[in-house]
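Please read the report below alongside the sequence and the three-dimensional view.

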Protein chains: 2
Amino acid sequence: MELNEKRMISRLAELGRVGIDAEGRRIRLAADDADRAGRDLVMGWMREAGLRTAVDRIGNIFGIWETEENRGRDAVMTGSHIDTVINAGQYDGCYGVIAGIEVIASLREAGLRTERPLAVAAFTNEEGVRYSPDMMGSLVYAGGLSAEAACASVGIDGTVLGEELERIGYAGTEEPGFLKPAAFVELHIEQGPILEAEGYRIGAVEDLQGISWQRITIEGEQNHAGTTPTSYRHDAGVAAAKVITFMRGRCLQPGSRTVSTTGCIEFSPNAINVIPDKAVFTVDVRNPDESTLQAEEKALAAFLEELEKTDGVRIRTERLSRFKPVLFDAGIVRLVEKYAGKHGLSCRRITSGAGQDAQNMALLCPTAMIFAPSHKGISHNPAEYTADEDLIAGAEVLADVLGELAEAH
Amino acid sequence: MELNEKRMISRLAELGRVGIDAEGRRIRLAADDADRAGRDLVMGWMREAGLRTAVDRIGNIFGIWETEENRGRDAVMTGSHIDTVINAGQYDGCYGVIAGIEVIASLREAGLRTERPLAVAAFTNEEGVRYSPDMMGSLVYAGGLSAEAACASVGIDGTVLGEELERIGYAGTEEPGFLKPAAFVELHIEQGPILEAEGYRIGAVEDLQGISWQRITIEGEQNHAGTTPTSYRHDAGVAAAKVITFMRGRCLQPGSRTVSTTGCIEFSPNAINVIPDKAVFTVDVRNPDESTLQAEEKALAAFLEELEKTDGVRIRTERLSRFKPVLFDAGIVRLVEKYAGKHGLSCRRITSGAGQDAQNMALLCPTAMIFAPSHKGISHNPAEYTADEDLIAGAEVLADVLGELAEAH
């Protein structure tokens, strides 16, 4: 079996050129015009690979290779997503979809027969930039959210996802979950620095961090920056800064695997000489262990409660998102290690720091992921980069893993 | 001599109704339409008080009471400003202008004669919301900035101050500084909580804090909030939070009179699951002692330098504004105490935490200020409030101080 490596690499670049705006930023949000153009490309490549295409009611697209012999059996699936963040790189998600098409095409073209159908999916709205929640298409596919509720989602631009899917011609008729998976393996870039920094070519993803998103609103008292002695202040901004440094402190405790990020912040009234009466900010906390993640949430809540007293502020929290950690299938993880070894590729077990479609597919079937190194760990950024040889290495491991799972012979 | 107290109080309310927008916010920015309407009111009241009005080239307006006997001698001046912040209270600035008119009218109506002319000023653009710098009119009047440079100032709305003054009919012809002051006494609300909290009716303002404004830009590395281990992060937002808590720590050192405020902050890209690669925020530091203020600036600079190393970030600072502390005239401060005592008003010496027109007038002549208590210290806010009896008490002290300075008999 031979992968058409050049075709895979050039398709990544070709898809990467879809959705470049006037400022040169790559923006392909779920069900927008650029997403349609990207989907059209992917559907064309699926057909070219001899796959039967299908679209479900939430717009997930599938390329399916099944034969007279294996039709009706649960399929071995791979896939990812092609929607992007704003000003994205070209690898995130697209790599897994394009490599998946290539791998199935290669198995098929090599004249192999498989005991199970093989399928590659491109899931709708993984990034969650335009519509909430993120990883929506795979969540709907796995039965965690109804297609109706998902299609009713109103976007940041006021659009309704279901109407947008109709508009771009990707409101399919298949019922989500129509193709029963026997196993799911997602190939993805790491989006983090570990593999490169430690010199590994392949990550065998054994688990996925739990994610806790909260929006915190601190209300203090607006006052004059010059005339209000420190002891009279109820400064919402200072309180917010204390929360950020507190969470950083938690992450730095010896042995902690917690990461915490405050990505969004806003002060009101946001004037240089006015003590902020309001600070609104987000806290994204992740840990691969559910009980530890809960302990972090509790520590944060206790800190906020204390802060209300010490700083004379009122604090409100809203849970924006919460995913439990996912433990991937140990058997598939071992297969990834085995075939990395066969190709002479250094491999380590790794935790997915990001949310992934695979975490939803894990609700349906044995699931795992394969990571390729990300240069400097940069992702969600035009500087996102994975070397061609690493992209190819990941696809080769995927091919072998899918081959074994589908009992190719 | 009798103050027309009711007239003073009702004029404060009348001026306070000028510039209420559709959302109910009081907004009277330098040289806008509301400011014109406010100026028209004030000019009318000056004329009604029998004062000669004059407007200088930066739009400062003056009501002057001079007689055959004292014409040509340096004038005893009072005054403040009538421009406001966005969503302002009705007292800040307006109190000093309206009380000044009332006090001079009362002296005149009482049939007193004075050895010096008396004048009340309303200075242009004290708040500095629309045009920079703040306290502009008094700065130009005192010779610290040319009228040409000030008039060329471009506002946050793209307008040019000189053109706007022409448009509203307040581009005067007097040369700034035309009326030489023998002394300047500004009556103002405290805008801070001290007088009320400690039970004083009058503040004899002996000095004014130095002000240091900086904009700090921290550049780190944008990365994925889930996939980037803490040790790999260069989080501009965490670094900003450390600066804010560091400065709060300085203020809390025993005996410190420093206040520090971060009123504005912005993270980029400001996404919940992206480590900020950029944080831009302001630091407003004040202290009544110049060497201490310099020490605070140095401590901040040293902390930022250290932060560049510990957090792997790049930091840039811009000085936005810098005023040295001002020591007011001890003789006038004693007069304030003397006449507060005469009226049976409890009085304490106090530092002005805010910048004031008086600090510029202090460049020209012996200067001091009188503070009336601000309820809960709230200012730059519609909830700004000073009780009528406190407004009247302040005006009575002002009348006596101006009377003695002008040698009324």
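## Terms and basis

Two residues are taken to be in contact if their C-beta atoms, placed from the backbone, lie within 7 Å. Helices (H or I, at least four residues) and strands (E, at least two) are DSSP runs, numbered from the N terminus.

This is a predicted model, in which local features need pLDDT of at least 70 and side-chain atom pairs count only at pLDDT 80 or more, while totals for chains, interfaces and linings use all residues. Residues are numbered from 1 along each chain as its sequence is written, and chains are lettered from A and ligands numbered from 1 in the order in which they are written.

## Helices H3 and H12 of chain B

In chain B, the contact between H3(B) and H12(B) involves Tyr95(B), Ala99(B), Glu102(B), Val103(B), Ser106(B) and Leu107(B) on the H3(B) side, and Leu391(B), Gly394(B), Ala395(B), Leu398(B), Ala399(B), Leu402(B) and Gly403(B) on the H12(B) side. Nine of the residues in this contact are nonpolar, three are polar and one is charged, where Ala, Val, Leu, Ile, Met, Phe, Trp, Tyr, Cys and Pro count as nonpolar, Asp, Glu, Lys and Arg as charged, and the others, Gly among them, as polar.

Helix H3 (residues 94–109) of chain B packs against helix H12 (residues 388–405) of chain B at an angle of about 55°, and their axes are 9 Å apart. Here axes are lines fitted to C-alpha atoms, for helices over the stretch in contact, and angles run from 0 to 180 degrees between N-to-C directions. H3(B) and H12(B) are therefore oblique to each other, given that angles under 35 degrees count as roughly parallel, over 145 as roughly antiparallel, 65 to 115 as roughly perpendicular and the rest as oblique. The crossing of H3(B) and H12(B) is right-handed; a crossing has this hand if the near helix is turned clockwise from the far one by less than a right angle, and is left-handed if the turn is anticlockwise.

## Helix packing in chain A

In chain A, H3(A) and helix H12 (residues 388–405) pack at an angle of about 55° with their axes 9 Å apart, and H3(A) passes H12(A) in a right-handed crossing. The contact of H3(A) with H12(A) has nine nonpolar, three polar and one charged residues.

A further pair in chain A is formed by H8(A) and helix H9 (residues 290–311), which pack at an angle of about 150° with their axes 11 Å apart; H8(A) passes H9(A) in a right-handed crossing. Ala239(A), Lys242(A), Val243(A), Phe246(A), Met247(A) and Arg250(A) of H8(A) make this contact with Glu296(A), Ala299(A), Leu300(A), Phe303(A), Leu307(A) and Asp311(A) of H9(A). By class, the residues of the contact of H8(A) with H9(A) are eight nonpolar, no polar and four charged.

## How the two chains meet

Chain A is superposed on chain B by a rotation of 180° with 0.0 Å of shift along its axis, with an RMSD of 0.0 Å, the superposition being made by least squares on the C-alpha atoms of residues with pLDDT of at least 70 in both copies. That is the relation of a two-fold axis. In chain A, the C-alpha nearest the axis belongs to Ala241(A), at 2.2 Å from it.

Between the chains, 52 residues of chain A are in contact with 52 residues of chain B. H8(A) gives the most to the side of chain A that touches chain B, with eight residues, and that side has 23 nonpolar, 24 polar and five charged residues. The copies meet through the same surface, because 100% of the interface residues of chain A are also interface residues in chain B.

## Local backbone features

Two cis peptide bonds in chain B may be described together. One joins Ser132(B) and Pro133(B), with omega about -5°, and Pro133(B) is in the loop between strand S4 (118–123) and helix H4 (136–141) of chain B. The other runs from Ser268(B) to Pro269(B), with omega near -5°, and Pro269(B) is in the loop between strand S10 (265–268) and strand S11 (274–275) of chain B.

Asn87(B), although not a glycine, has a positive phi of about 65°, and its place is in the loop between strand S3 (75–81) and H3 of chain B. Asn87(B) is partly exposed, with 16 other C-beta atoms within 10 Å; a residue is buried if 20 or more other C-beta atoms, placed from the backbone, lie within 10 Å of its own, exposed if 12 or fewer, and partly exposed in between.
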